[in-house]
Amino acid sequence: MPQNNKPAKPGKKSGLQKLRPNILWMYVLIFGFLGIIFFSDRSTLTRQLESFNDFEELVEKGAIEKIEVLRNKKEAIGTLTKEATQAEFTDAERNGSTAQGKVTVKFGDSQTFENEIKQWEADGFFSGKVSYDDASDYSSLLWGFGPILLLILFWVFFMRKMGRGSDSGVFSVGKSKARVFDKDNDQKVTFKDVAGLHEAKTEIEEIVEFLKNPSRYTDLGGKIPKGALLVGPPGTGKTMLAKAVAGEANVPFFSMSGSDFVEMFVGVGASRVRDLFRQAKEKSPCIVFIDEIDAVGRARGKNANMGANDERENTLNQLLTEMDGFGSNSGVIILAATNRADILDKALLRAGRFDRQIYVDLPDLNDRVEIFNVHLRNKKIEPELDVDLLARQTPGFSGADIANVCNEAALIAARNNKKMIERQDFIDAVDRIIGGLEKRSKILTDEEKRAIAIHEAGHATVSWHLKYANPLIKVTIVPRGKALGAAWYLPEERQIVPQQALLDEICSTLGGRAAEELFLGHISTGAANDLERVTKQAYAMVVYYGMSDKIPNISYYDSTGQAYGFSKPYSEDRAEAIDREVSRIISEQYERAKDLLRAKADGHGELADVLIAREVIFTEDVEKIFGKRQWTSRTEEILRAKEAETPPPFIPENPTEEPEQGNQDANN
């Protein structure tokens, strides 16, 4: 949102207009002085003569054509003829200069010297080319006192600037750098401009209602929360939501980053905090928004290895004091945003400061549909574009990621000289963002292509026959980014992930390595990323989720982020047991993938051959070989329930068993 800069009143000069003439005069003085230093007499060749006899000898030879007498300095300057200049000065001394040389000589008595000059004139040496100067040498005075004069002028200019109280002066170091968006700004952001985030908007609407009608709460003795902390991953719309609150409430909005408080000067951060809250109280009711508050609100003395930052801690202390300093009903509400709430100081999160923590999560399926509709408003898209399909293909994408997808799709369509953006452009944009740029120019041998096809067909074959595996979208052996091939899936957005789903995912990920071993007779480095993923997931199952028969129901994960005193809260024996369990889980799923590939060897081979011939295959091609999957994906169930406006039915793990009444997990 642009800052609302009010125009200057007619007839009244702004600070910049007042400052401009002074700056102009400073430039004139500085460049004038530099011109005198660097350009005066730069083309003159001058030599000091040791005695008056040398000067007299030059005069008698006719080498001097003009004399200037400086009576106060008792010095004479003689200008040499062009011939004498070449004779008296070497080529190195002239250095290409075409100027006439000069010689200077000191004399004792002025009257005696002038009588000598008159005699030379009578003898016809100069024919009246003699000048006399009784004034002092101004150039020497300028050389001596010029720098001092410049310093004095600069100091006067600097002090006058500070005296005017300019915002850019040295006295304004402790001033707040907050940008103010007042209620008269035309470019306001409202909740209509923020797609999705329904739960967050519902929770924050109470703040808007208080700013619009505070008596509704204060008459009953209620106290509005002093502050609300917006927490969530980057790009989810925390800053946009804060601006929407200001737009809906129609109150001044102070926006500032946490890093704006921290400076190298001692006490500047605390001074800026005081100035910010002083301005906020003057414009009450208003909203103060501090973005990336973790830059100044990090826990004090949390990590001894990093050392203490006294200036940052003093700024935090002042912020804590100011949040307690004004009354509960003063009308100043603090909003802050961070994606690292776990490292914030506990005193900042206590009741009376940031009373509420509003979690701004990544958008779900319905939210992504709304976000796509917002970003597609001003774009030329094909009429039959399925926005629901785009939302299903972008799980885990934030609002900023979706905006990037729409922009990338427009660029791809323009690159292909299309009149409108088509479905394939969006799919290519998603592939481009996730996998990287397609590299069809990369040269691969037939043997390498076959190895990649067998590997990717292994992923597709195994995942197609696993209940909880993510639905397959397409398989490609075209290099993209760092990958030589890829199997693209539509991830299921499960709220609760059963253990079997994690095991099916590990098995599907190992399908490529298993296919290499079975059908090529050797393994390769192509499964490096697959092995990294399954190792992390297996350790998460054992260490975080307690999904192990040997180490059941124990989690070594600290979600609060406070366990900094130790890095491994278990013994060496337990570490060995964890390693054995992880190895067992991965080995079992690897053998499971090989068994499944042996059973579907013919279909796998046919799938690999089609992949080599066409390079890219889709779900329909896999269905022709293996038949339709017998399991309905969770996404399809949600869409059906959405159409019928009824919740999806409960399906037990074993359809033949009825769930026990009164013994279901409360989380379900």
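What share of the contacts between residues at least 6 apart in sequence join residues at least 24 apart? In this protein chain the figure is 76%, where a contact means heavy atoms within 4.5 Å.

Okay, some housekeeping before the tour. This is a predicted model, where local features need pLDDT of at least 70 and side-chain atom pairs count only at pLDDT 80 or more, while totals for chains, interfaces and linings use all residues. Residues are numbered from 1 along each chain as its sequence is written, and side-chain values use heavy atoms, with hydrogens and water left out.

So, the overall picture. The protein chain has 25 helices and 14 strands. The chain has 668 residues, and 39% of them count as buried. Buried here means under 20% relative accessible area, exposed means over 50%, and partly exposed is in between, with a 1.4 Å probe and protein chains only.

Let's start with strand β3, residues 75–80. Six of its six residues are buried, so the rest of the structure largely encloses this strand. E75, I77 and T79 point one way, A76, G78 and L80 point the other way, and all are buried.

Who does β3 pair with? On one hand there's β2, residues 64–70, antiparallel to β3 over six bridges. Pairing, by the way, requires DSSP to find at least two bridges between two strands. I64 has L80 of β3 as its bridge partner. The hairpin of β2 and β3 has four residues between the strands, and K74 there takes a positive phi near 50°. Then there's β4, residues 101–106, which runs antiparallel to β3 and is joined to it by five bridges. A76 has V105 of β4 as its bridge partner.

Now jump along to another sheet. This one is open, with three strands in the order β13-β12-β14 and antiparallel pairing. At the edges sit β13 (486–489) and β14 (616–618), each pairing on one side only. From one strand to the next, the twist averages 15°. Strand β12, residues 472–476, runs antiparallel to β13, with four bridges joining them. If you want a spot to look at, find K474, which stands opposite W488 in β13.

Helix α23, residues 601–614, lies across β12 and β14 and runs at about 125° to β14. Helix α24, residues 619–626, also packs on the sheet, touching β12 and β14, and its direction makes about 70° with that of β14. For these angles, axes are lines fitted to C-alpha atoms, for helices over the stretch in contact, and values run from 0 to 180 degrees between N-to-C directions.

Next, a helix pair. How do the axes of α18 and α19 cross? Helix α18 covers residues 446–464 and α19 covers 499–509; their axes come within 8 Å and cross at roughly 155°. That makes α18 and α19 roughly antiparallel to each other; the cut-offs are under 35 degrees for roughly parallel, over 145 for roughly antiparallel, 65 to 115 for roughly perpendicular, and oblique for the rest. H459, V462 and S463 of α18 meet C507, S508 and T509 of α19.

Both helices turn up again when we get to α20, residues 511–519. G511, G512, R513, A514, A515 and E516 of α20 are buried. What covers the buried residues of α20 includes α18, α19, α21 (528–544), α22 (572–599) and α23. Just after α20, G521 takes a positive phi of about 80°.

E292 has phi near 50° and is found in the loop between β9 (286–291) and α11 (294–297). N417 has phi near 60° and lies in the loop between α16 (399–415) and α17 (423–435). Are they buried or exposed? E292 counts as partly exposed at 31% relative accessibility, and N417 counts as exposed at 68%.

Note on methods. Helix = DSSP H or I, 4+ residues; strand = E, 2+ residues; numbered from the N terminus.
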